[in-house]
Amino acid sequence: MRGLTFGFILATGLGLLHGVNGHGRCHVENRDFDFIIVGGGTAGLAVATQLSRALPYECVLVIEAGPDGRDEPKIYVPGLRGSTLGGVYDWVLPTVPQAAANGRTIPHNRGKVLGGTSALNLLVWNRATVKEFDAWEELGNPGWGWKNMYPAMLKAENFQRQDGIAQYGNDGVGYGGPVQVSLVENPPAHVQACIPTLGNLGLENNLESLNGHSIGAEYQPAMHRVSNHTRSYSVDYLPRAGDNLVIMFNSTVHKVNLDYDWRGTKATGVTLVGGKEIKAKKEVILSGGSLLSPKILELSGIGQKAVLSKAGIRQIVDLPGVGENLQDHLRIQTSYELKPEIPGLDVLKYNTTRAAIELDLWRRSQTSLYQYSGSCYGFLKWKQAIGNDEKLLRLAHQSVDWSNPVDRKKLSLLTDAYSGAPDLEVVFGDGYIGTKGYPAKGTPGHGKNYATLLGGVQHPFSRGSVHINGPDPATKPIIDPKYLGTAFDLEATIQAAKYLRKMATTAPFKDLWVSEFDPGLSVETDAEWETYVRNNVFTFFHPLGTCAMLPKKNGGVVDPELRVYGVQSLRVVDASVIPMIVSAHIQTAIYGIAERAATIITDQYRW
Ligand SMILES: Cc1cc2nc3c(=O)[nH]c(=O)nc-3n(C[C@H](O)[C@H](O)[C@H](O)COP(=O)(O)OP(=O)(O)OC[C@H]3O[C@@H](n4cnc5c(N)ncnc54)[C@H](O)[C@@H]3O)c2cc1C
Ligand SMILES: *[C@@H]1O[C@H](CO)[C@@H](O)[C@H](O)[C@H]1NC(C)=O
Ligand SMILES: *[C@@H]1O[C@H](CO)[C@@H](O)[C@H](O)[C@H]1NC(C)=O
Ligand SMILES: *[C@@H]1O[C@H](CO)[C@@H](O)[C@H](O)[C@H]1NC(C)=O
């Protein structure tokens, strides 16, 4: 296998095109390629790499809107995760004001850099459960159940086993894949309280929680390369690519070029912002992510009549599902000022001397606060969290859109006590990560360390949409997730918040803090919690489902081979194809989708 020669940058007279490989028949200057992958993000680099390996005689082009970013410490130092949000590598896509969240606008961060959102995300590496993937299959997608998705997900990872406090069993992790994952060596004291605290609340320690059965309290891996303590992400696929893979940086795709007549419609290539056209002899694959792939389809004339005509775009393919079915995980959090003797990670925010010392330790590969990358979770059914789940289940029945098969699946997982699909995730977060932001200098909370507990509603019923806002590719899409849009979603988020308080007041965690910072112990009644939830509900940044793999009559955009309905030679491979949200941070599922996509596409073209 040939590796890519990084750093050998070719540039045309325009200064637009850059390649990472200097050899071979496939050059960035070419005007046609066999496959064009739009978006060098999480799924994009995985599918592109696997195609380049399996089809060595084809030329594969990745077009990425952002820069390279591999030399950016804010990306590769685990302890600096989060520092890129809102910066130059971020598309920053705000929602429209969310009526049920007091009219607040919630920003969606999205990577605009090689690796996409895997370059910006918070490193959590976990996995949803057997019945949820089986639900994908049962929704009309043969081959997408646990049986096929599990091996596909395992292919992406290499679990680096270590000694130390955070232990994992054997089942559920993969070896030999490109993304390096590991348990953190030194969780902070307040995170070490996770397993015993949840244990005191009746949750068993699950040592093999990535094997499709995640219920319990558990340490789980982060995408963390142990050898030099760096972020591992989708760019780690690239050294495995053939020299037939070419990457074009800083180049934004405006639309897919379509040839159409009375016989049908076929994708023939793409047009970049600025007008340059590139041909795809075999296929165009959209991997722009769930908030941007629908935009490319719509700008190309594929989508709902009403949306397209409002934007002044001629409809070429009528596909009502484009941009619909938007689902996300609802997040709520409570935070605690730690006792002065309990170490915390906020010190890196308020003490620049200490931050410099720790960064220097990191650079010299010595134990450093900048190595820490998140670690301990609980996954549970509502019954385990709140005992009597009758009210929630009643509200769930009221919140379901009975005409929608995805909603009905969610309800069946929720109401089946033995589904094994968790309803609630809780996270023992490090440092202050509430919606107010770390207290500013000169305010009372400054100079303190905090622990934040996060709660995530795993299968909310609200479904929103993302659509273009006019014909200009530079305009951000209109994103409306309808957060807290059903009675169930609101009540579930309130129950999640109350459970976080219960965790905080349970030993041993309860002995580590002096005061509750968010919302504060004065918040007690359901009405007070509701106000807090409406003012502070947030996202786990898992928007998905907007080019859903579903039967067309159910709002589907792609078929089980990820082909866009009504268009030849056009697929979507990213989080947008996920039909139903699952109870985990979603990147492992996305890599699984990319791996399966590569197998499906290769099977079609191998000779
Ligand atoms: C702040 C944050 C924290 C997160 N934390 C976690 C976590 O800890 N664990 C977890 O599992 N998940 C996490 N997620 C979610 C996860 O990272 C994403 O769901 C996932 O990376 C999305 O992958 P994707 O391939 O669908 O899209 P992306 O990775 O976003 O890739 C899309 C790519 O397409 C490019 N692109 C878009 N439009 C165009 C265009 N027109 N032309 C050219 N290029 C284009 C983009 O620049 C980008 O590189 C987090 C997300 C965020 C925002
Ligand atoms: C892309 O653009 C950025 C910002 O203008 C620039 O620094 C970088 O060199 C360009 N090319 C690549 C390959 O990142
Ligand atoms: C860390 O190691 C990887 C794999 O060897 C390497 O590609 C990367 O450049 C290293 N990063 C740093 C910052 O040392
Ligand atoms: C900041 O950190 C340095 C180095 O650990 C320490 O000497 C100093 O006392 C700290 N300052 C504050 C205000 O905590």
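Two residues are taken to be in contact if their C-beta atoms, placed from the backbone, lie within 7 Å. The model is predicted: local features need a pLDDT of at least 70, side-chain atom pairs count only at pLDDT 80 or more, and totals for chains, interfaces and linings use all residues. Residues are numbered from 1 along each chain as its sequence is written, with chains lettered from A and ligands numbered from 1 in the order in which they are written.

The protein averages a pLDDT (the predictor's confidence in each residue, from 0 to 100) of 94. A score of at least 70 is reached by 96% of the residues. Over residues 1–22 the pLDDT is below 50. Beyond near neighbours in sequence, this stretch has 39 contacts in the model.

The largest nonpolar core has 182 residues. Such a core is a set of buried Ala, Val, Leu, Ile, Met, Phe, Trp, Tyr and Cys residues joined through C-beta atoms within 7 Å. A residue is buried if 20 or more other C-beta atoms lie within 10 Å of its own, exposed if 12 or fewer, and partly exposed in between, with C-beta atoms placed from the backbone. Helix H14 (residues 487–504) supplies the largest share of this core, nine residues. Helices (H or I, at least four residues) and strands (E, at least two) are DSSP runs, numbered from the N terminus. Ile-37 is among the residues with the most contacts inside the core. Not counting residues up to four places away in sequence, Ile-37 touches Gly-44, Val-47, Ala-48, Val-60, Leu-61, Val-62, Ile-285 and Ser-287.

For "binding site", an unreviewed UniProt entry lists Val-113, Thr-117, Asn-121, Leu-122, Leu-123, Val-124 and Val-253. They span 141 residues in sequence, and the farthest two C-alpha atoms are 29.6 Å apart, so they do not all gather at one spot. UniProt annotations may be inferred rather than shown by experiment; positions follow the numbering used here, and feature names are shortened.

Val-113 sits in the loop between strand E4 (107–108) and helix H3 (130–138). Val-113 counts as buried because 28 C-beta neighbours fall inside 10 Å. Leaving aside neighbours within four places in sequence, Val-113 contacts Gly-66, Pro-67, Gly-69, Tyr-89 and Ala-119. Leu-123 lies in the loop between E4 and H3. Leu-123 is buried, with 23 other C-beta atoms within 10 Å.
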